[in-house]
Amino acid sequence: MGAVTADPAVWTVGADPAAGAAGAVGAAARTDPFGVRADGSPVATEPDSPTTGTPPTVRDRGAAPARRGGALGRGAADPGPSGRVPGTAPRTGARPDRPDTADLAGGGLARRATADPLFRLVAYALEAAHGRPPAAVWSAPYAFRLGSPGLVAAAGWPTAAAAAPRDDGLVRLSSLGHPADSCDLPLTLSGPLPDAPAWAVRPYTVLRALARAGYGRGGTDLHVQGSLTGAAGLATAEPADCAVALAVTDVHAAPGERPDRVFLAQLLAGALPEGDDGLRRAVFHARPGRALLLGARPRRRRYVAFDPAASGARLVLMAVRGEAADHPRELARAVSCARRAGALSAWQPGRRPGRSLLVLLPETRLAAVRSAVAGDFRGRDRPVPRFLNIAVAGAARREE
């Protein structure tokens with residue numbers, strides 16, 4: 001797919017926003033793309049972020065940052081193998097400190113007119129499917145890789161998970177994407193997986209791994225729903241994994257304890273080794289207008305400026321339709337049309353080729369690019385590719 005692999009210099013740190021996309025591309029000839037040298041080391045990055053807690057743009061539970069010496073704060077004891085501070089008891093069932101989940105933010109979301117419709121829907125769907133409101137609702141962004149090695153970012157489209165704790169060793173799973181395939185399963189820590197619908201195998205695997213780590217052994221009611229399908233071309237599994245892990249950990253955690261995202265990333269990598277760990281780290285740690293530079297030390301994070309909108313550019317996801325065998329050829333054709341109409345660069349959003357590419361283009365050329373691609377495909381009686389605007393967004397968060 002050589003014709004599709006574009007020049008990775010699709011963005012430049014320090015480019016003048018007023019210069020527009022053309023200025024950014026011109027600057028790319030003089031500076032290192034994405035602020036990264038050829039060997040992958042950063043040129044101009046933000047200072048390392050703290051080793052614990054959440055990014056400044058995201059606050060779990062809507063609470064203030066952890067105080068020095070508090071649970072999971074900078075002065076706290078190191079978490080044990082389960083990700084908890086030694087001395088805190090594992091949560092194995094319903095939380096005695098939360099006797100009425102209907103009064104919690106998770107349950108209240110379903111009836112809050114000002115809440116995002118997706119989160120209201122997920123909260124209501126869990127209550128409709130399982131007869132009780134959620135104790136927490138978490139959102140996790142879809143993530144993508146950039147055209148420069150070792151850089152990932154989050155998109156402004158979320159997956160949501162609503163959860164409520166149980167104490168009878170049962171997990172009840174539902175999703176609006178699979179309305180006829182809700183299921184009640186016994187939670188076992190080892191052995192063969194119970195008979196379950198295909199969609200439920202992955203969340204059940206996450207629940208089992210969390211239970212082995214001490215979170216949710218009593219069981220969980222869980223509802224998962226994404227805002228995109230696989231047809232959009234972004235990975236759907238990793239954000240769902242992260243949303244489930246955060247929601248279940250939250251509702252089974254000790255009072256005042258916040259989910260340890262580094263620990264959860266490691267847990268998911270062990271439970272689902274076929275997944276993309278880089279995308280999971282983007283889901284857990286992304287920042288708006290920034291790309292995360294992947295490194296060997298997951299608790300030391302570095303970021304590079306990546307904000308197309310600030311320089312008058314657009315980042316769009318272009319996904320082709322039709323038979324999978326035709327995707328490489330059709331993507332190459334679409335990119336060729338897009339480049340002739342003014343697109344600047346294109347690259348694959350994941351580690352493996354798929355049905356989509358991310359395309360960077362000047363905002364003023366968006367209509368021309370879409371028209372050129374649509375005209376070519378219609379002229380060949382082929383399904384017109386889908387276009388989806390992508391905003392560079394922040395990390396997973398608890399919806400209040």
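Is aspartate 376 buried or exposed, and what is its relative accessibility? I looked this up first in the predicted model. I found aspartate 376 to be buried, at 16% relative accessibility.

**Entry on aspartate 376 and arginine 333.** I noted that aspartate 376 forms a salt bridge with arginine 333, their closest N and O atoms lying 2.9 Å apart. I traced aspartate 376 to helix 9 (residues 366–379) and arginine 333 to helix 8 (residues 327–340), so the pair links distant parts of the chain, 43 residues apart. Arginine 333 counts as partly exposed, at 38% relative accessibility. I also recorded that both residues belong to a network of salt bridges, whose other members are Asp326, Arg329, Glu330, Arg380 and Arg382.

**Entry on aspartate 221 and arginine 172.** I found a salt bridge here with 2.7 Å between the closest N and O atoms. Aspartate 221 is in strand 5 (residues 219–226) and arginine 172 in strand 3 (residues 170–174), 49 residues apart. I then checked burial: aspartate 221 has a relative accessible area of 0% and is buried. Arginine 172 is buried as well, at 16%; the cut-off for this term is under 20%.

**Entry on glutamate 274 and arginine 202.** I noted a salt bridge between these side chains, at 3.3 Å from N to O. Glutamate 274 lies in the loop between helix 6 (261–271) and helix 7 (277–285), and arginine 202 in helix 4 (residues 201–212), so the pair ties together parts 72 residues apart in sequence. Glutamate 274 is partly exposed at 47% relative accessibility, and arginine 202 is partly exposed at 22%.

**Entry on the count.** I recorded 19 salt bridges in the model.

Technical notes:
Residues are numbered from 1 along each chain as its sequence is written. This is a predicted model: local features need pLDDT of at least 70, side-chain atom pairs count only at pLDDT 80 or more; totals for chains, interfaces and linings use all residues. Side-chain values use heavy atoms; hydrogens and water are left out. A salt bridge is a side-chain nitrogen of Lys or Arg within 4 Å of a carboxyl oxygen of Asp or Glu. Helices (H or I, at least four residues) and strands (E, at least two) are DSSP runs, numbered from the N terminus. Buried means under 20% relative accessible area, exposed over 50%, partly exposed in between (1.4 Å probe, protein chains only).
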